[in-house]
Amino acid sequence: MFLDFWRDVESLLRDAMDRCGFVLPETEAKIDGNELLLETSSHSDLASTISFRLAPLLKRNPAEISRELTEAIATDESGTVEKVEARGPYLNFYASRRFLDSVIREAEGDRCWTGSLAGRVIVEHTSANPNGPLHVGHIRNSVIGDTLVRILRRAGCEVESQYYVNDMGRQIAIVVWGCGRYPLDGSKADHAIARVYIQANKDLAAEPELKGGVDRLMQLYESGDSETAERFKSAVDYALSGIEETLRRLNISHDSRHWESEFVRDGSTVEVLGSLESTGLTEWEEGALQLDLSDQGFEKRLVLKRSDGTSLYTTRDLAYHRWKAERSDRMIDVLGADHKLISGQLKAALRLMGVRVPEIVIFEFVSLPTGSMSTRKGKFISTDELLDEVEVQAFKEVTARRPEEAEEFRRAVAKEVALGAVRYDVVKVSPDKATVFDWKAALDFEKLSAPFIQYSHARACSILVKAGDRGEFDPRLLTAPEEVALVKKISSFDLAVELAARELKPHLLATYARELAETFNQFYRSSPVLEAEPGLREARLALVKAARNCLRATLDTLGIPALESM
């Protein structure tokens, strides 16, 4: 839809530049893949600032260049571009009526909601240590990661979401050691594991001589001892079963799990160590093999192997990334801000190995007014607790609005509203900005929150149900400003998805969802649908259906239920 208009504008502008003899040097031809400097504008449907770029090259006034380009552009009545205007140095492009009409007809169907990007993409997200439940601090990783998976798929990519299981670190060895000392209490699996882990840490702190047992477990596991391997697998699988139960409540799943130990057992970790040692940048220092990355701007050395011969998380992670690079065109890691240093070192080490580096989405943390969270000391607010509380509050909101409905209906709606509230509140903020989750704002039906967007979809569904069967329609009757604004907003769905996919910024789609819902509600308030006169009624119903389809596709891409009744 809008991307078709964008491409047509690009074609017209390139042709005009050729006619005028304007050429950008090869070294300056592209800025972020947008060589013609096109952008959406509040003054037109698309605008270009290419005249500013050409001015120093041509030694001419930007406004003169814009006027000359405008005169050289030849629009076609059958095309998507109606007119072009030069406003000072800016070139403004306006969509044609033919384009607007085609948007409504396309959006009535199901084929226009998938983009044209291609390629195999691996997205690794969540990957929380299996030593306890997900806490509030993990939510942003999971929601950002899953939303990126959905956005990339919607954009047309072949995507695999992966959970990288830390089964070889010291924390997991403590879990296994603890499981040999204390019985699991029968609570939800990940919570039961957390209690064992917390108690084990208390005992290890009180009696340091016990740490030798943990060290021995780590050595046995890395050497491949079968009995120890079974103990580790049992404990990790049990913890993961609880974590996955929580992720399902968030409408999140992974296509595959990959365990750290895989890359030790198959020899990959040894190969990585050999590759890095061959650079001449490694040396034994303070009882560990360390990699000097000072030439790449890192003062702190990267530790690769302990004195007892066991590998570290970083070494195994390098092997995992080499494996991913061989199986994808794009690999994406979602990591917390506390991983900035190690992720930078990881990329530097991969470059030394000649391996393509991942795209890393660094996020700042989401928190609650109650403060910090720590699994080790047992002071944390679990995601399960948060979801339980938000569902309780959502049930109160739904009951206040629909007291006449059966409790079963209200609880079902509350569950979906709570899910949407948590996911949207987390993803609506740019990943690089910290955020505090406020359930009152997240559940506000009147403001620009997930329930507001869900309710807009439900309102569109209700209109269509009340209308019943609809006859043929003439989209040319939709000329009111609110109608045209809604058509244009619907057309921008593919642009929002592609930008979010290319830039790995899921908040761009969240912003689009809010704007779409707001635009639909402005249309609804100003344009009666069911009471409209014949002809206009059918056209507005077609627009409602197009908006309903767009809202549904947008919510689905955000992982939020598109409710038909609220």
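I'll start with the open sheet of 3 strands, ordered E8-E9-E10 and paired antiparallel. Strands here are DSSP runs of E with at least two residues, helices are runs of H or I with at least four, and both are numbered from the N terminus. Two strands count as paired if DSSP finds at least two bridges between them. The edges of this sheet are strand E8, 282-285, and strand E10, 302-306, each pairing on one side only. From one strand to the next the twist averages 30 degrees, with axes taken as lines fitted to C-alpha atoms and angles running from 0 to 180 degrees between N-to-C directions. Strand E9, residues 288-291, is joined to E10 by 4 bridges, antiparallel. Within the sheet, Leu-291 stands opposite Leu-302 in E10.

A word on the source. This is a predicted model, in which local features need pLDDT of at least 70 and side-chain atom pairs count only at pLDDT 80 or more, while totals for chains, interfaces and linings use all residues. Residues are numbered from 1 along each chain as its sequence is written, and side-chain values use heavy atoms, with hydrogens and water left out.

Now the whole protein. It has 21 helices and 14 strands, and its C-alpha atoms fill a box of roughly 80 × 70 × 35 Å along the principal axes. Of the 566 residues, 55% are buried; buried means under 20% relative accessible area, exposed over 50%, and partly exposed in between, with a 1.4 Å probe and protein chains only.

Next, a parallel pair. Strand E11, residues 330-336, is joined to strand E12, residues 359-363, by 5 bridges. Gly-336 stands opposite Phe-363 in E12. Between E11 and E12 the chain passes through helix H13, residues 340-352, and this β-α-β crossover is right-handed: with the strands pointing away from the viewer, the path from the first strand over the helix to the second runs clockwise.

Buried residues in H1 include Phe-2, Trp-6, Leu-13 and Cys-20. Gly-21 follows H1, with a positive phi near 75 degrees.

On to the rings. There are 14 aromatic pairs in the structure. Rings of Phe, Tyr and Trp (its six-membered ring) pair if their centres lie within 6.5 Å; planes under 30 degrees apart are stacked, over 60 edge-to-face, and the rest tilted. Phe-52 and Tyr-90 have ring centres 5.6 Å apart and planes at 70 degrees, so this pair is edge-to-face. Phe-52 is in helix H2, residues 50-58, and Tyr-90 in strand E4, residues 90-95, so the pair ties together parts 38 residues apart in sequence. Phe-52 is partly exposed at 40% relative accessibility, and Tyr-90 is partly exposed at 38%.

Tyr-320 and Trp-323 are stacked, 6.3 Å centre to centre with 20 degrees between the planes. Both lie in helix H12, residues 313-325, 3 residues apart, about one helical turn. Tyr-320 is buried, at 0% relative accessibility. Ring pairs link Tyr-164, Phe-263, Tyr-313, Tyr-320 and Trp-323 into a cluster.

Last, charges over rings: NZ of Lys or CZ of Arg within 6 Å of the ring centre and within 35 degrees of the ring normal. The charged end of Arg-105 sits over the ring of Phe-473, 4.7 Å from its centre. That of Arg-411 sits over the ring of Phe-395, 3.9 Å from its centre.
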